[in-house]
Each structure stands twice: as structure tokens, then as C-alpha cells.
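Subject: Structure for you to look at

Hello,

Here is the structure I said I would pass on. My notes on it follow below.

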Amino acid sequence: MDKTEGETLEFKRSLSDFDEVLATVSAFSNTKGGTILIGVDDSGEIIGVDLGKRTLEEIASRIAQNTDPRVYPEITVKKMGGKNIIEIRVSERSDKPVFAKGIAYKRVGRSNIKMDRDEILNLLRGTYEFSYEDVEIASIDEIDLNKVKSFIHRAKEVRSVSVPEDELAVLRNLGLIDEKARLAALLLFGRNPQSRVPWAIVKIGRFLSERAMPIFEKEIEGDLIEQIERSYAEVLSLIRKETRVVNLRREEILEYPAEALRELIVNAVSHRDYSIKSPVYIKIYDDKIIIENPGGLPPGITVDELKRPHRSVLRNPKIANVLYNLGYVEKWGVGTLEVMKKCLLNGNGEPIFQSNGFFKVEIKSRYLSAIDDRERAILEYIRKNGKASRSDLEKILKLRESSVRKILEKLQRRGLIVKEGGGKNTVYRLAY
């Protein structure tokens, strides 16, 4: 016998504390299933139990009466070391969550942990296909009808669709209101969405390293349209730019492709799980940008599928529909493919997608990936000392003035450093 309790195995000395048995039944049902052995102590030593004529029937009845939905585990008696133990086998349920005396548990290691409200809602949505965007959360008076008017006008222009002029009729047709306003309506057209869902924001930070505190941070509030537009503008102001002259025309090349950034920001606010009390994060580092939103990929789609043509699985279909009519989404199921294409053409390489409770996209900087050792040494020196003169850099690089000047001009064009002062007082600092 395995003598170690764990994620799918629990030992109980006796039936004296039956509430603990019920908690384990709930936890196993909500996680990966498991086995409870009655008559075994915590160390795995077989103690045994006394059995009556109806012991197994009584255990089955008590479990069924105190679980919701009712659980009917497989219960048998095993002989181990010449003693009787009771084996209760619990299968993982598809109709989660399972409650024991009104409490839902999950299995973490060898412990039963009470599930919080958000975890319970996530399981319910998965079981009954309930979307959190449909929660009736506000009064209709909290909707700004002028925003709905703007939507009607823009949707007619962008999609050439026939939309009623009555704002409330439009909201009902979109499934956004009934007797009250649903969460999707509040997020899209609310006067102050954060009064009800303060976590429905975007947090943007600029960092020198992953372990460092942000040197710049900002929270973007407002409705989803405002969040998309303001976040996009903010990110563009924080990334580096390079100006080149091609055929007598000035061209600006961004550190990250603008179209890809916009697509990822739209995806983050439209596909995130609004039941999870966490903002969307946009983190800008020296060598990469990370965009992360609460909620992994919806069931039915994998990270690998994002890299090829795939069907669209929408977590928030009502929100996605409004954004589509406004032109923020062009085609379903091709957004990540366009992001990959734009990143490759811009010299950033292939973006990295990850999904584990949160969905994360990481894109490497097109500049730092192409930096040579001398350029990196200059940046590290300036980062360490706060500034550098050209003579300082000549000494550490052991190069002539003309060579150092060329490197500094190249770093300036790439938007990595800035020049301050003049003459003998000229110094160089990081541009971020």
C-alpha cells in the first residue's frame, strides 16, 4: 500500500470525525478524484476499524445526504495486515462544484481547502456554460446612453449594418440589458464601470529588470473602449523608436509592431475572465514586453492551435460582438496569426504564448536582440552610473573617440539613450 497521503489519497483513523470525510469527498470530487482509507493513521500504519452489519450502507447514506450534488462513491472493505479497513473511492465529477454541508472544497497536496467564490463561479460556468459577462450587476441608469449613440453611429460606418436608433432597443438586441444591466453592458457603456468591478482595469509598468520595482506605472480605467485606446497610446509612448531616412523620407520603426500591440490589448480586455479579481497587466522591460490577462484559454483551444488557423472560442461573446461591430476585431480566429506575422516582419521573432490560469504573451525587443557586446557594455555602464560621458566610454571600451561616437549615435537612433548638455558637459542617459 502507498503509505503517503497526497493529492488522491487520504488516511483516517476512524469514522469519528465524519465531517472531515465529507470534506475529502467534496475535494476529490472537485479535483482529480481519489481514495479515502478508514482505519489507517497519518503515518500509514494500519489501525483497523470495527464493522457493523450496516456500516457501509450508513456511510453511503450519510455521504449522499450531505453532498450536493449527491455523491455515491464506491465503498468496500479491505483486509490489510489482518485488519479491516474501509476503502472509499471517489471519482472526479463533471458537474462541479460538489458541496459538503454547504461548502465546496478542493484538494491541494494532502489538504482540503475551502474554495472561494471566484473558484466556485468558474466551475459553475464550466459546468453550465454560464458566462460572467451575463451577470446582472447594475441598474440601467448606470449606462451612458450617449456612449450607446456613439456605438450606433460607428457601427453603421464600420460594418454598414442596420442598427435601430433607440439606444435601449440596441442594448436589448445585443443581449446587454433585461430588467437590469449585465456586466458586459457596464464594461462597454457604463458611466463608471470600476464602481462595480474595480479590478476591471489595465495596469502598465516600465521595468529595468524582472526583479526591480517599476520606474513608471499607470492604471487605465474607464469603459473597455477607453481602456483599449488609452492603453495603446500609453504603450506606444513607452517603447523605443528608431527614425530612418529612406528615399528622402523619414520612417519610424517601433521596437514592437503597433498592429500587434493593438491586437493583443484588444484580446486582453475582451477575452479576460472578469470573475477573477485581477487587472490586465502590461509589463515593459529592456528586452521584452509582456501582456497578461486573467483567465487562461477557454476550454476547447490550446496554445499550439493559436499558431495556425483555428476556430474562435469566445469567453465573452457579447463583449466580442460589440468590439467586432466597432472594427476592433476584423476576423475571428486569426488575430494571433497576424500578431505572429507582424512580430516576425518587425524583427522581434516569434511571440511566446502561455496559458495557466492567466493568458500571457511575451514578445522580445527587436533592438536588444540585435545589440552587440560594445553596445551592451555602454548600456550597462549608464544603467549602473546613471549617466556617462564620451570620455568615460572611451576608457571602458578602449576605443577611439570616432568609434565611440558612432556607437552612441546608433544607440540614440534606436531610442535607447538620450544626449544631454553640450560641449564638455555632454552626457548620455538611458531613454527609459
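Contact here means heavy atoms within 4.5 Å. The model is a predicted one. Leaving aside neighbours within four places in sequence, Ile282 is in contact with Val202, Lys203, Ile204, Gly205, Ser231, Val235, Ile265, Ile289, Ile290 and Ile291.

Cores

Ile282 is one of the residues with the most contacts inside the largest nonpolar core, together with Phe151, Leu176, Phe189, Val235 and Tyr274. That core has 68 residues. Helix 8 (residues 258-271) gives the most to this core, namely eight residues. There is also a second, separate core of 20 residues, which includes Leu22, Phe28, Val49 and Ile63. As background, nonpolar side chains in soluble globular proteins tend to be buried together.

Helix 4

Phe151 also belongs to the buried residues of helix 4, and the others are Val148, Ile152, Ala155 and Arg159. Seen down the axis of helix 4, the buried residues fall within an arc of 100°, so they line one face of the helix. An α-helix has 3.6 residues a turn, so residues three or four places apart point the same way. On the other side of helix 4, the exposed residues are Asn146, His153 and Glu157. The buried residues of helix 4 pack against three helices: helix 5 (167-173), helix 6 (183-189) and helix 9 (317-325).

The length of helix 4 (residues 145-159) can be checked as well: its 15 residues, at 1.5 Å a residue, should span 21 Å, and the end C-alpha atoms are 21 Å apart, which agrees. At the start of helix 4, the backbone nitrogen of Asn146 has a side-chain oxygen of Asp144 within 2.9 Å. After helix 4 comes Ser160, with a positive phi near 55°.

Ser29

Ser29 lies in helix 1 (residues 18-30). With a relative accessible area of 0%, Ser29 is buried, the cut-off for that being under 20%. The side chain of Ser29 reaches the backbone oxygen of Val25 at 2.7 Å. Apart from neighbours within four places in sequence, Ser29 is in contact with Val71, Val90, Ser91, Glu92, Arg93, Lys96 and Val98.

Salt bridges

Arg93, listed above as a contact of Ser29, forms a salt bridge with Asp95, where the closest N and O atoms are 2.8 Å apart. Asp95 is partly exposed, at a relative accessible area of 24%. A search of the whole structure finds 30 salt bridges.

Another of them joins the side chains of Glu234 and Lys218 (3.0 Å, N to O). Glu234 is in helix 7 (residues 224-238) and Lys218 in strand 12 (residues 216-220), so this pair ties together parts that are 16 residues apart in sequence. Glu234 is buried, with a relative accessible area of 14%, whereas Lys218 is partly exposed at 35%.

A further salt bridge is between the side chains of Arg405 and Glu401 (2.4 Å, N to O). Arg405 and Glu401 are four residues apart in helix 13 (residues 401-413), which means that about one helical turn separates them. Arg405 counts as partly exposed at 33% relative accessibility, and Glu401 is partly exposed with a relative accessible area of 37%. Elsewhere, salt bridges that share partners join Glu10, Lys12, Glu20 and Arg107 into one network.

Regards

Technical notes
Residues are numbered from 1 along each chain as its sequence is written. This is a predicted model: local features need pLDDT of at least 70, side-chain atom pairs count only at pLDDT 80 or more; totals for chains, interfaces and linings use all residues. Side-chain values use heavy atoms; hydrogens and water are left out. Helices (H or I, at least four residues) and strands (E, at least two) are DSSP runs, numbered from the N terminus. The expected span of a helix is 1.5 Å times one less than its number of residues. Buried means under 20% relative accessible area, exposed over 50%, partly exposed in between (1.4 Å probe, protein chains only). The arc is that of the directions from the helix axis to the C-beta atoms. A polar contact is a pair of N or O atoms within 3.5 Å; within protein, one must be able to donate a hydrogen and the other to accept it, and residues adjacent in sequence count only if both atoms are side-chain atoms. A salt bridge is a side-chain nitrogen of Lys or Arg within 4 Å of a carboxyl oxygen of Asp or Glu. A nonpolar core is a set of buried Ala, Val, Leu, Ile, Met, Phe, Trp, Tyr and Cys residues joined through side-chain atoms within 4.5 Å.
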